[in-house]
Amino acid sequence: VCTLLSVGCAGLQVNRGVTGNTLYSSARPRLSVVTGAGYELIKEEKDARSAFFADSDGSTNIEKEVYRFWNDEKKREVQVQFHRIGRQNAYWNPFDFRDAQHLIAAGEERINGDMYQYGVYPVQDGNGCFLVKVVGRRIGAQSDTKVLIYFAEWVGKKSSCPSWKNKAIFDAAQKSRLQNFLEAFETDVKIMDYTDPGV
């Protein structure tokens, strides 16, 4: 996922956290993500790991932050992830969700003035079948950071997931559910300018 880059950049102090249903990040990237009514933060985790890359002369540290919000009434989740490469001579490759399994839609869209890549697809896990829309972009001149925002909605038991794997055979009810899901992303996930939580 990383490629060598000859130019480095100075580190930035990042103020990042959650107040109510709003995630704020002062840098890498500078934004606020406001979730809709009924969402609560259910998990916040930060970790770091070392990784080797074929085109690198050594390992590099990758820092990851994950913030998960859940709306129990609507069975929807908003998950925001930040990934940062610690080494200054490496960067994230451009996004391309077109190789996602069982892809329903993919492309790019402008949100709050920034261009994001997006993908829409079904995911099956132990809790059932979910429709997922993910948007992401690389951050900074060296692209050493990326942000991914996942929006997921429960659409049925695991047994229902095969019917969501081929958009060419969606019935009228599925097409309507998909349209409602995409519209819900617009109302439940607001990517906005950064606001200092102390103000």
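Modeller: Let's start with Asp114, which is partly exposed at 29% relative accessibility (buried is under 20% relative accessible area, exposed over 50%, partly exposed in between, with a 1.4 Å probe and protein chains only). This is a predicted model, where local features need pLDDT of at least 70, side-chain atom pairs count only at pLDDT 80 or more, and totals for chains, interfaces and linings use all residues. Residues are numbered from 1 along each chain as its sequence is written, and side-chain values use heavy atoms, leaving out hydrogens and water.

Colleague: Which residue does Asp114 meet in a salt bridge?
Modeller: Arg137, at 3.4 Å from N to O; a salt bridge is a side-chain nitrogen of Lys or Arg within 4 Å of a carboxyl oxygen of Asp or Glu. Arg137 lies in strand S11 and Asp114 in strand S10, so the pair ties together parts 23 residues apart in sequence. Strands are DSSP runs of E, at least two residues, and helices are runs of H or I, at least four, numbered from the N terminus.

Colleague: And how many salt bridges does the structure hold?
Modeller: Ten. One of them joins Arg177 and Glu153 at 2.9 Å, N to O.

Colleague: Switching topic, how many disulfides turn up?
Modeller: A search of the whole structure finds one (a pair of cysteine sulfur atoms within 2.5 Å). Cys129 and Cys161 form this disulfide, with sulfur atoms 2.2 Å apart.

Colleague: Is Cys129 buried or exposed?
Modeller: Buried, with a relative accessible area of 0%. Cys161 also counts as buried, at 1%.
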